[in-house]
Amino acid sequence: MPAPAAAADGVIPAVVPGAAPTPVAPPVPAPPETGRGPSGGRQRGTTRRRIVLGAAATGLGALAATGIAKLAGGSRRAVPSDALVLFGAPDSFGDHTEGIRVATVDVPGWGFGPGQAAYMSTVTSDGTVFTATTPFSDNQAQPTGSGMELAVFEPGPVSFTRLVIPSSTGRTELPRAEPGFRGIGGADVADVAVIGSGPDERVVFVSSVSYFGWDTAVYGQLPALGQIRRPARGRPWRYDPAGSWTTDQLAATAPPAAATTAFPREGSGEPRWSRGPAAISRLPDSGHLVIAQYFGASSLGTAQGALLVVDTAGRVRATWQYPEVRVFGVPVVVSPREVVADPTSRAGDERFVLITDCRTADNKVVSFPVQEFSYAAGAGRRELGTITPRSVPVRAAADGSRMETACFDANGTLYIARTTADGLRAATLAVYPKIGSERGLVSRTPAVDGWPAQSWGVLNPPEYFVAGTDTGGLVRSIVLDPASGAVVLAGLDGVVQLVRPSGRGRDMTFASGRPLDIGLGTLRRPSTRYIGVRRGAVDAHRGVMWLPVNQLVLDAIPWPYPPFKLDQWLMRVDLRALLP
C-alpha cells in the first residue's frame with residue numbers, strides 16, 4: 001500500500017460532489033500460492049490470520065510472545081462495584097486483586113472440549129448466553145479439536161452446558177484418518193444468532209470448515225448451518241437435527257447453477273465445499289439469513305468469496321459471487337468476513353453491509369472496505385431472489401486504516417469500528433447515518449457498471465468520526481444496547497468503551513465514556529498463551545453485555561498437535577453502571 005497519509009480522524013472531511021474517487025493502490029503481487037482442497041485445509045496464504053497479520057513478526061502472535069497486556073496508553077476508568085463479573089472454571093482466574101475490581105464466579109462443570117476456544121456470542125430472551133467455538137490456532141482451516149460444540153451458559157442457575165453437535169451418523173468425535181494430523185478433525189462454529197420469538201425462538205449457527213477429511217461413510221457429516229431450540233420453557237436447549245443441514249443437503253435445495261456456486265464439488269468422494277461461512281445475519285422483513293462465504297473455489301476458478309441467502313427451512317434463496325477485482329491493474333483477493341443487516345430495511349430492498357478481508361496474491365494486506373447490498377426475495381419458494389451491490393466498497397480515511405466490525409442502530413445509522421494500518425490499534429469510530437432513504441455509502445458512491453475495476457476501495461469519509469474512540473487495541477466487538485442506544489466497543493487489549501449518540505441524520509452528537517480496563521492483564525500474567533476477547537452480546541432486558549474471553553495457542557506450538565484443554569471465560573459487563 002502507499003505510505004499512510006496524515007490521519008483525518010477527528011475531522012469531518014468534505015465530500016465534493018462529482019469529485020473523482022481515489023482508489024487504494026495495493027503493491028504489485030507475486031504469483032499466487034496454490035491452495036489445497038477442503039479435505040486438506042487451506043494453505044496459510046488463504047487464511048484470515050495470515051491476511052490480518054501479514055508476513056511481519058507482529059500482531060496477535062507477537063503480543064502473546066512478548067506478554068504485552070496493553071497496546072495503548074491513556075487513562076482508564078475506575079470500575080464501579082459489581083460492574084464486571086468474570087465466570088469460569090474454579091481456580092482459573094489468576095490474581096484479580098491488584099487494582100482491578102473484577103468479581104469472579106466459580107462455575108462447577110465449566111469447561112470447553114479439547115481444542116475448543118470461545119468465539120462469537122449471542123443471548124436469547126430468557127438470558128441464556130450461547131458462545132461459538134474456534135480452534136486454538138485462531139484459524140478454522142487448522143482445527144485443534146475433534147468435534148463440534150457450543151457453550152450454553154444460564155446466568156440464573158449459574159449453569160454451564162457443553163452442547164456437543166453430533167454428525168449425521170451420531171458421531172461426536174470425527175478425527176481425520178491420517179496419523180500426521182494427530183487425531184484432530186471435527187469443525188468450528190463460526191457465528192451464532194438468535195431468530196424467532198416466543199415458542200419459535202431459536203439459535204442458528206454456521207461452520208466455516210464443517211469437514212476435515214474423515215471417512216463420511218463411518219463418521220457422517222456435520223452441519224454447515226444448524227439450529228438449537230428449547231423444547232418447552234424450563235427445558236434444556238437442544239440441538240435440532242431436523243432444522244440443521246450439511247452442505248450436500250443445502251445444495252439439494254437449489255437449482256444446479258446456484259448449487260455449484262454456493263457449494264461446489266472440490267474433491268472426489270468428499271462432501272460439497274461450504275466455502276467458509278464466516279458470519280450470519282437475519283434480514284428483517286423476509287426473515288431470511290444472509291451468510292458471508294469467506295473462501296473462493298478452485299473448481300470455479302476464483303479465489304474470491306461469495307454471499308449466500310438461505311431461509312430458516314434450509315432452502316437456498318439467493319447466491320452472489322464476488323467479481324474479480326483489479327486496482328490499478330493489480331488483482332485483489334476479496335474474502336467476505338462480516339454481514340450486518342439494516343433493521344430499517346423494507347420488503348424487496350432489504351439492506352445489509354459487508355466487511356471483507358482483502359489481500360494481494362502475495363498476502364500483502366489491502367485496506368478492508370465496507371460495502372452496502374440489497375436483497376430482494378423471489379416471488380415463491382422455488383424462485384431465487386437477487387443480491388445487488390448498492391454501493392462500491394469504500395474506505396473511511398486515506399490513512400491505511402481498515403474497516404473491522406460494524407453494527408446498526410434502530411434508525412439505520414451504521415457504526416463501524418476501524419483498525420489502524422498496523423492491524424493492532426483502534427482507529428476512531430466511523431458513523432454513517434441514514435439521511436432520508438439512504439446512507440452516504442450509497443448516495444455518494446453508488447455501484448455503477450465496471451465498479452470492480454474502476455472504483456473498488458474508493459474514499460468515502462463518514463459524516464462523523466467519534467473522538468476519543470482510538471485509545472485502545474483493535475476492536476474485536478461492537479454491539480448496540482437497544483435500551484439506551486449506546487454503542488459498546490471492546491478491544492484486543494481488554495478495554496471496553498461506551499459511546500452514547502444523540503440525534504439522527506446530520507444532527508448527531510456523541511458522548512464517549514472513558515475506556516474501562518476489564519482486567520485481562522491479570523489473566524495474561526500467569527498464562528503462556530494468548531488471551532483476548534471476541535464479539536459480545538447485549539441482553540437489553542437485563543442491561544448487561546456478555547463478552548467471551550478466550551485463550552489460544554496461536555503459533556506457540558507447531559500445528560497440528562493433539563487436542564488438549566485450555567481455560568475459557570465469560571465476562572458480564574453492567575452497561576447501566578457504565579453509561580456516559
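Student: Which backbone oxygen does the side chain of R402 reach?

Tutor: This is a predicted model, in which local features need pLDDT of at least 70 and side-chain atom pairs count only at pLDDT 80 or more, while totals for chains, interfaces and linings use all residues. Residues are numbered from 1 along each chain as its sequence is written, and side-chain values use heavy atoms, with hydrogens and water left out. A polar contact is a pair of N or O atoms within 3.5 Å; within protein, one must be able to donate a hydrogen and the other to accept it, and residues adjacent in sequence count only if both atoms are side-chain atoms. At 3.2 Å, the side chain of R402 reaches the backbone oxygen of A421.

Student: Is R402 buried or exposed?

Tutor: R402 lies in strand β21, residues 402–408; strands (E, at least two residues) and helices (H or I, at least four) are DSSP runs, numbered from the N terminus. Buried means under 20% relative accessible area, exposed over 50% and partly exposed in between, with a 1.4 Å probe and protein chains only. The relative accessible area of R402 is 5%, so R402 is buried.

Student: How many Å apart in space are R402 and V370, C-alpha to C-alpha?

Tutor: In sequence, R402 and V370 are 32 residues apart. In space, their C-alpha to C-alpha distance is 9.1 Å.

Student: Which residues touch the most other members of the largest nonpolar core?

Tutor: A nonpolar core is a set of buried Ala, Val, Leu, Ile, Met, Phe, Trp, Tyr and Cys residues joined through side-chain atoms within 4.5 Å. The largest one has 44 residues. Those that touch the most other members are F352, I387, I416, Y432 and W456.

Student: How many residues are in the other core that lies apart from it?

Tutor: Among the residues of this other core are L84, V102, V496 and M571. Its size is 25 residues.

Student: Which residues is T124 in contact with, leaving aside its neighbours within four places in sequence?

Tutor: T124 sits in the loop between β3 (116–123) and β4 (129–135). Its relative accessible area is 3%, so T124 is buried. Contact means heavy atoms within 4.5 Å. With those neighbours left aside, the contacts of T124 are F130, V194, E201, V203 and W237.

Student: Which side chain does a polar contact of 2.5 Å join to that of T124?

Tutor: The contact runs from side chain to side chain, at 2.5 Å. The partner of T124 is D126.

Student: Which residue of β14 is the bridge partner of L307?

Tutor: Two strands pair if DSSP finds at least two bridges between them. β13 and strand β14 (residues 316–321) pair in the antiparallel sense over five bridges. In their hairpin, with five residues between the strands, G314 takes a positive phi near 80°. The bridge partner of L307 in β14 is W320.

Student: What residues of β13 lie on each of its two faces?

Tutor: Strand β13 (residues 306–310) is mostly covered, with five of its five residues buried. Strand β12 (residues 289–293) also pairs with β13 in the antiparallel sense, over five bridges. Both faces of β13 are covered: on one side are A306, L308 and V310, and on the other L307 and V309.

Student: Which residue in β18 is the bridge partner of F352?

Tutor: Strand β17 (residues 350–359) is mostly covered, as ten of its ten residues are buried. Eight bridges join strand β16 (residues 330–341) to β17 in an antiparallel run. Six bridges join β17 to strand β18 (residues 370–376), also antiparallel. In β18, F352 has as its bridge partner F373.

Student: How many disulfides does the structure hold?

Tutor: A disulfide is a pair of cysteine sulfur atoms within 2.5 Å. C358 is buried at 0% relative accessibility, and C407 is buried at 6%. The number of disulfides in the structure is zero.
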